[in-house]
Amino acid sequence: MMMLGCLCAMAQTEADTDSIFAISSDSTLLKELAPADTIALRDANQMDVGRLAADTVVAASSVKRDWSTWTPNPQRALWLALVIPGGGQVYNRKYWKLPIVYGGFLGCIYALSWNNMMYKDYSQAYLDITDDDPGTASYNKFLHLGRTITDSNKEYYKKVFKNRKDKYRRWRDMSLFVMIGIYALSVIDAYVDAELSVFDISKDLSLKVQPAVIGNPMTENPIYASSLGVNCQLNF
């Protein structure tokens, strides 16, 4: 019986030892394993970490941006508007302004090309009418049907062609300045719109006008020490 009890105690001790070894730390387990088993276990851990990182990236990319709480950056809107005409309006999500911006640019480009063409034509006609070469007569296409230029009306047509040449040159330059102005306005609009995107326009904005008694500290006379006035109070 005593031998049987000793054998049972030894068996229980070996079982406890196996359990302690089974729940030991990873470093102890790696020391006890063979080199090939250690490499396999490390690779399995790395695969688990990589799979966890991939799942995290997928989960982060699947989260959609809440555009209702998004506010534009004024500096970024300014640079986009400077580099790309209308880029600031697109960044601010004000797409309805794009037809206005590009419509202004297209109108100015058309006016610039048209006035430049007319300026060149009248400039050439003025040069032809002022020289003594009868072979250069491009001015005839500007005359009405049946009209001819003679010595009696030559000075009149010189004045007409010169005035029209100067007029179309002035309109051409004005078209260029207007296009630059539209570009500048688009840049300013993009920056100001981004700055005012966080401006409070709630119902708390109010202006109250009410009568008030205004004191006058410059006099000691009780009659003139106070006067009636209007108090304006702006809440924002």
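This is a predicted model: local features need pLDDT of at least 70, side-chain atom pairs count only at pLDDT 80 or more; totals for chains, interfaces and linings use all residues.
Local features were considered at pLDDT of at least 70 and side-chain atom pairs at pLDDT 80 or more, whereas totals for chains, interfaces and linings use all residues. Residues are numbered from 1 along each chain as its sequence is written, and side-chain values rest on heavy atoms, without hydrogens and water.

The protein contains 7 helices and 2 strands, taken as DSSP runs (H or I, at least four residues, for helices; E, at least two, for strands) and numbered from the N terminus. Along the sequence, these elements follow the order α-α-α-α-α-α-α-β-β. Of the 236 residues, 19% are buried, where buried denotes under 20% relative accessible area, exposed over 50%, and partly exposed the range in between (1.4 Å probe, protein chains only). Among contacts (heavy atoms within 4.5 Å) between residues at least 6 apart in sequence, 52% join residues at least 24 apart.

The largest nonpolar core comprises 11 residues, including Met118, Ile129, Leu143 and Tyr168. Such a core is a set of buried Ala, Val, Leu, Ile, Met, Phe, Trp, Tyr and Cys residues joined through side-chain atoms within 4.5 Å. Helix 6 (98-130) and helix 7 (154-195) each give two or more residues to this core, with the largest share, 5 residues, coming from helix 6. Beyond its neighbours within four places in sequence, Phe142 is in contact with Asp121, Tyr122, Ala125 and Phe161.

The whole structure holds 7 aromatic pairs, defined by ring centres of Phe, Tyr and Trp (its six-membered ring) within 6.5 Å; planes under 30 degrees apart are stacked, over 60 edge-to-face, and the rest tilted. Tyr122 and Phe161 form a tilted pair, at 6.1 Å centre to centre and 45 degrees between the planes. This pair links helix 6, which holds Tyr122, to helix 7, which holds Phe161, across 39 residues. Tyr122 is buried at 5% relative accessible area, and Phe161 is buried at 1%. Tyr157 and Phe161 form a tilted pair at 6.2 Å and 40 degrees; these residues lie 4 apart in helix 7 and are therefore separated by about one helical turn.

Trp79, in helix 4, is exposed at 56% relative accessible area.
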